[in-house]
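User: Could you walk me through how to read the folding features of a model like this one?

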Amino acid sequence: MQKLYEQYRGLLFTLAYQLTGSAADAEDMVQDVFVKAYEVPLERMAEPKAYLCKMITNRCRDLHRSARRRREHYFGEWLPEPILTSDDQTYEAVARGELLSYAMLVLLERLSPSERAVFVLREALGFDYAAIAEQVDKTEANCRKLYSRAQGKMGVSAETPGFTETASEPWIRAFLTALEQGNLDAIVTMLAKDAVLISDGGGKALSAVHPIQSREHVIRFLLGIIQKGANEEGGFEFKLTEMNGQPGLIVRTRNRIETAALLHMENNEIRSLYLIRNPDKLQRLER
């Protein structure tokens with residue numbers, strides 16, 4: 001079982017994380033699944049990868065149902081927990097190659113547990129419909145319908161295969177410099193007209209309760225944050241790092257992480273900005 005743990009832990013974490021949006025829950029479920037798998041006779045695990053993936057998928061679907069109920073009472077907007085993917089000792093290389101973009105993780109919240117399971121197994125892990133049907137105990141035809149329904153709810157298609165356009169580190173630095181200098185002309189050219197900013201404080205950190213929409217409102221909000229940092233003792237410290245397989249920005253003040261920021265690009269403009277400020281979701285970044 002130790003060999004199976006070493007071989008499949010990264011894969012199962014990747015799957016569980018994308019099914020829940022929570023690294024903490026994913027880690028707990030991976031441990032739980034291997035504890036239960038230890039009691040399963042080896043002859044029942046002729047195909048251990050499929051068997052373990054099915055265990056984690058079922059566990060996540062059960063958790064997802066209760067999590068949706070909890071999030072109905074969540075204060076403000078809920079965003080997935082960001083993870084560092086630049087440290088292979090923490091998250092194996094398999095987790096980097098098979099992670100959906102952060103923007104896609106946000107859209108996954110629109111789906112039912114079954115739709116989300118089918119979409120992640122198909123889009124991230126590349127399972128064929130026969131294998132997915134075995135995982136979720138449905139027919140191949142049902143799985144195809146669930147996948148199509150998920151695409152419709154998320155507004156994605158073959159032409160937009162996963163929101164893979166991310167900002168490069170030099171691009172993010174240029175955007176940050178424009179904000180610090182108050183260079184409105186530069187900021188306007190880097191933001192889409194219909195840009196949206198979503199922040200998640202979970203009622204534990206200051207954040208916008210509702211999404212901020214339109215280029216003008218997003219600019220006003222971001223410049224307010226920059227001004228606030230300039231007025232605080234010590235100011236803000238910005239650090240670029242790889243999160244969720246893409247360049248992201250960590251903001252520190254008073255020797256602790258205040259915000260993790262990730263961007264989604266379309267046509268070389270910022271379409272969506274995600275600011276994670278809930279301290280519960282920043283703990284692993286501190287580690």
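**Cores and sheet**

Analyst: Start with the largest nonpolar core: it has 65 residues, and those with the most contacts inside it are Leu-52, Ile-56 and Phe-119. Such a core is a set of buried Ala, Val, Leu, Ile, Met, Phe, Trp, Tyr and Cys residues joined through side-chain atoms within 4.5 Å; buried means under 20% relative accessible area (1.4 Å probe, protein chains only). Helix H1 (residues 2–20) gives the most to this core, nine residues. This is a predicted model: local features need pLDDT of at least 70, side-chain atom pairs count only at pLDDT 80 or more, and totals for chains, interfaces and linings use all residues. Residues are numbered from 1 along each chain as its sequence is written, and side-chain values use heavy atoms, leaving out hydrogens and water.

User: Which residues does Ile-56 touch, not counting those up to four places away in sequence?

Analyst: Contact means heavy atoms within 4.5 Å. Here Ile-56 touches Leu-12, Leu-15, Ala-16, Met-29, Val-30 and Val-33, with that sequence exclusion. Apart from this core lies another, of 26 residues, including Leu-179 and Ile-219.

User: And how do I read the sheet?

Analyst: Strands of a sheet pair through backbone hydrogen bonds, either parallel or antiparallel. Two strands count as paired if DSSP finds at least two bridges between them; helices (H or I, at least four residues) and strands (E, at least two) are DSSP runs, numbered from the N terminus. In this model six strands make an open sheet with mixed pairing, ordered E2-E1-E6-E5-E4-E3. Strands E2 (212–213) and E3 (237–243) are the edges, each pairing on one side only. Strands E5 (residues 256–266) and E6 (residues 269–276) pair antiparallel over seven bridges.

Technical notes. Buried < 20%, exposed > 50% of the residue type's maximum accessible area, 1.4 Å probe, protein only.
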